[in-house]
Amino acid sequence: MFKKINLWHILLILIVLSAIVPILFMVSNSFKTLRDSYGTMLNLIPTHPTIKNYLLLNKQVNLLGLTWNTFLMATIVTIGKLLTGLLTAYAFRTYQFKGKMFIYLLFVATIFVPFTIVMIPNYLVISKLNLLNNIWGVALPQLCDATGIMIFLKTMEKIPNTLIDAAKIDDIPKRKIFFNIVIPILKPSIVSVGAIFFINSWNEYVWPTLILKDKASFTLPLALQNYISSEGGTNFPLAMALSTIMVILPLIIYLIFQKYILNSISNSGLK
Amino acid sequence: MNKSNATIELKNISKQFKKNTIIDGMDLSVKAGEFLVLLGPSGCGKSTTLRMIAGLEEPTSGQVMIDNRDLRELKNDGHTIAMVFQDYALYPNMTVYQNLEYALKIHKVAKDERQKRIENVLETLNLTKYRDRLPSQLSGGQKQRVAVGRGMVKKSEIFLLDEPLSNIDVQLREKARDEIQNLHATNQQTIVYVTHDQLEAMALGDRIAVMDQGIIQMIDVPENIYNNPANLFVAEFIGTPQINVIEVEYKDSNVLFNNKSILADQNLNLKEQKYRLGIRPENLFCSKERQNSQDLELTVENIIDYGRFVQLSLVNDEGLTLKSIVNTFEFNVNEKVFVHLKKATSLLFDYEIGKNLNWGNYE
């Protein structure tokens with residue numbers, strides 16, 4: 001058995017450690033006192049474990065409110081991106097129209113436009129719409145995503161034409177072909193792309209900081225930033241406690257859907 | 001079920017994809033309750049024709065009429081056409097039962113009626129025990145039956161099948177073919193069936209339309225397609241081993257091969273020019289001794305024993321190769337064989353365009 005451990009295994013073990021150690025580091029420090037965290041920062045097991053950090057955090061900020069804001073924003077963005085991505089991809093897949101390739105390439109090209117370029121125009125539009133300090137202001141410019149279109153189109157291209165034809169012969173309305181036949185086939189890739197969209201949006205920082213100024217509208221990453229560079233210096237264990245809270249939901253999502261996520265990476269989900 | 005009343009008529013249909021002409025001015029009419037087979041090599045336009053009848057493809061010009069009404073009008077009144085695809089196209093996320101039920105449910109067929117029809121079809125096709133399986137859990141033959149079943153539950157007057165048997169094992173194919181034949185005998189639907197397999201076509205078709213390069217070369221009952229093909233293409237496409245074709249010349253009431261007479265007839269009224277003579281392998285009369293001065297002399301190159309019959313490949317030094325089918329095993333490799341031709345069992349084709357000149361007794 002030991003003979004089988006070769007260089008690749010060592011590399012894999014290193015990669016696994018580099019992923020897991022920061023998480024353990026974060027969780028363990030969130031249970032340390034401020035003094036311990038400076039003295040024994042690298043110890044994975046706290047010498048005087050305490051949940052005071054969490055209790056203090058609960059007093060200082062509205063944890064439920066923050067989580068709800070973040071969840072709401074991430075959910076709106078994810079649903080928006082999935083819906084527009086699926087519909088657009090289906091249109092590209094099914095209909096023939098003039099300039100189709102050009103429009104598709106135009107969509108894909110938006111992937112390469114850096115966020116910093118659209119940041120200011122987007123901000124101006126959102127402020128004109130009076131959506132500052134509003135979750136919708138954060139979500140609105142993000143309801144479409146060319147990455148989703150591209151991934152869904154690639155998956156849809158694997159659906160045989162005859163399947164759509166068979167449904168047409170059966171006089172199934174277009175809407176039902178889409179929802180009852182295409183969507184179920186795409187389920188694995190919808191779940192995995194959706195999970196990635198959700199986690200990305202959950203962690204988003206720069207754009208929400210621009211839109212959300214009012215503390216009541218903050219999302220978790222914005223609140224976390226307050227703990228890291230607030231005027232009074234960094235309360236490290238407190239920041240770790242908030243980080244831990246922030247990681248819980250994405251972690252659960254990932255654990256539930258990892259089968260799909262891995263599946264859609266290794267194949268398209270279609271036999 | 002009563003005999004279907006639905007007729008199908010294609011009027012001067014053409015179809016172009018980009019600049020390629022797939023179908024060129026086709027006329028075709030299918031009688032009510034008829035089993036019509038579209039037969040041809042791949043790329044001849046037979047599937048495109050079927051797809052136009054199904055309404056999946058718009059003809060570039062011309063009209064598809066069903067029951068003397070334009071197909072486009074009919075589509076809107078829920079007129080049902082059922083179709084089976086080559087790759088079956090079963091809905092992968094639905095069980096066998098749901099696959100059969102889906103279209104009926106969408107079209108609001110009452111639940112009792114739905115159940116009755118589906119149970120019936122499952123029974124007929126021997127699928128009852130697979131009703132709760134997903135398509136991915138079925139074998140090729142089972143999928144094919146589900147695909148046929150999905151067409152059957154609709155009780156449509158018109159049933160279109162696009163190479164439904166080409167993806168299943170040879171052993172099962174014959175059984176599935178018989179099943180389709182039985183279904184037609186019971187349900188009497190108007191069927192258009194696309195295939196590239198001539199045996200399937202001969203076995204199933206009331207009539208066969210042989211297609212090549214987007215044109216119907218001949219449409220007729222199987223016997224005539226085989227015995228009296230309209231042209232050289234049809235003659236060569238139908239029949240295994242292929243029909244023997246000899247380039248000949250007609251001169252002074254004699255059919256000449258390499259300037260030697262191989263057939264003579266005083267009553268012929270043919271232009272003196274080149275022709276192509278076609279003889280089916282079973283119509284080459286072989287013997288070990290010369291019986292007539294016109295007999296062709298050849299050597300047995302190889303022998304294939306198919307069990308039911310023996311196929312001889314005959315060659316001579318004039319570059320002639322003929323295939324012959326005999327029932328008895330009386331010849332040996334490298335042995336001399338004398339072949340006698342008869343006018344009544346051979347076909348004469350125009351040299352250039354390959355048209356059958358009907359010189360035999362099939363007038």
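**Figure 1. Chain A, overall composition.** Chain A has 13 helices and zero strands. The model shown here and in the other figures is predicted. Along the sequence, chain A reads α-α-α-α-α-α-α-α-α-α-α-α-α. Along the principal axes, the C-alpha atoms of chain A occupy a box of roughly 70 × 65 × 30 Å.

**Figure 2. Domain 1 and domain 2 of chain A.** The domain assignment of chain A places residues 1-50 in domain 1 and residues 52-266 in domain 2. Taken over C-alpha atoms, the centres of domain 1 and domain 2 of chain A are 30 Å apart. Nine residues of domain 1 of chain A and nine residues of domain 2 of chain A take part in the contact. On the side of domain 1 of chain A that touches domain 2 of chain A, α1 (7-30) and α2 (34-39) of chain A each supply at least two residues. The largest share of that side, four residues, belongs to α1(A). By residue class, the side of domain 1 of chain A that touches domain 2 of chain A has three nonpolar, five polar and one charged.

**Figure 3. Contact between chain A and chain B.** The contact involves 15 residues of chain A and 17 residues of chain B. On the side of chain B that touches chain A, at least two residues come from each of β6 (81-84) and α3 (96-106) of chain B. The residues of this side of chain B comprise 12 nonpolar, four polar and one charged.

**Figure 4. Packing of helices α3 and α5 of chain B.** The axis of α3(B) comes within 8 Å of the axis of helix α5 (residues 140-152) of chain B, and the two cross at roughly 25°. Because angles under 35 degrees count as roughly parallel, α3(B) and α5(B) are roughly parallel to each other. The crossing of α3(B) past α5(B) is right-handed. Helix α3(B) contributes B:V96, B:N99 and B:L100 to the contact, and α5(B) contributes B:V146, B:G149 and B:R150. These contact residues of α3(B) and α5(B) divide into three nonpolar, two polar and one charged.

**Figure 5. Open sheet of chain B.** The sheet is open and has six strands in the order β6-β7-β8-β3-β9-β10 (chain B), with mixed pairing. Strands β6 and β10 (215-220) of chain B are at the edges, each pairing on one side only. From one strand to the next, the twist averages 15°. Edge strand β6(B) runs parallel to strand β7 (residues 158-162) of chain B and is joined to β7(B) by four bridges. Within this pair, B:M83 is opposite B:L160 in β7(B). Strand β6(B) also supplies at least two residues of the side of chain B that touches chain A.

Figure 6. Strand β16 (residues 296-305) and strand β17 (residues 310-315) of chain B pair antiparallel over six bridges. Opposite B:T299 is B:V315 in β17(B). The hairpin of β16(B) and β17(B) has four residues between the strands, and B:G307 in this hairpin takes a positive phi near 90°. Strand β17(B) is also joined by six bridges to strand β18 (residues 321-326) of chain B, again running antiparallel. Here B:Q311 has B:I325 in β18(B) as its bridge partner. The hairpin of β17(B) and β18(B) has five residues between the strands, and B:G319 in the turn has a positive phi of about 85°. In a regular strand, side chains alternate between the two faces of the sheet.

How values were computed. Residues numbered from 1 in each chain as written. Chains lettered and ligands numbered in written order. Predicted model: local features only at pLDDT ≥ 70, side-chain atom pairs only at ≥ 80, totals over all residues. Domains from an automatic or database assignment. Contact = placed C-beta atoms within 7 Å. Nonpolar A, V, L, I, M, F, W, Y, C, P; charged D, E, K, R; others polar. Axes fitted to C-alpha atoms, helices over the stretch in contact; angles between N-to-C directions. Parallel < 35°, antiparallel > 145°, perpendicular 65-115°, else oblique. Left-handed = near helix turned anticlockwise from the far one by under 90°. Pairing = 2+ DSSP bridges.
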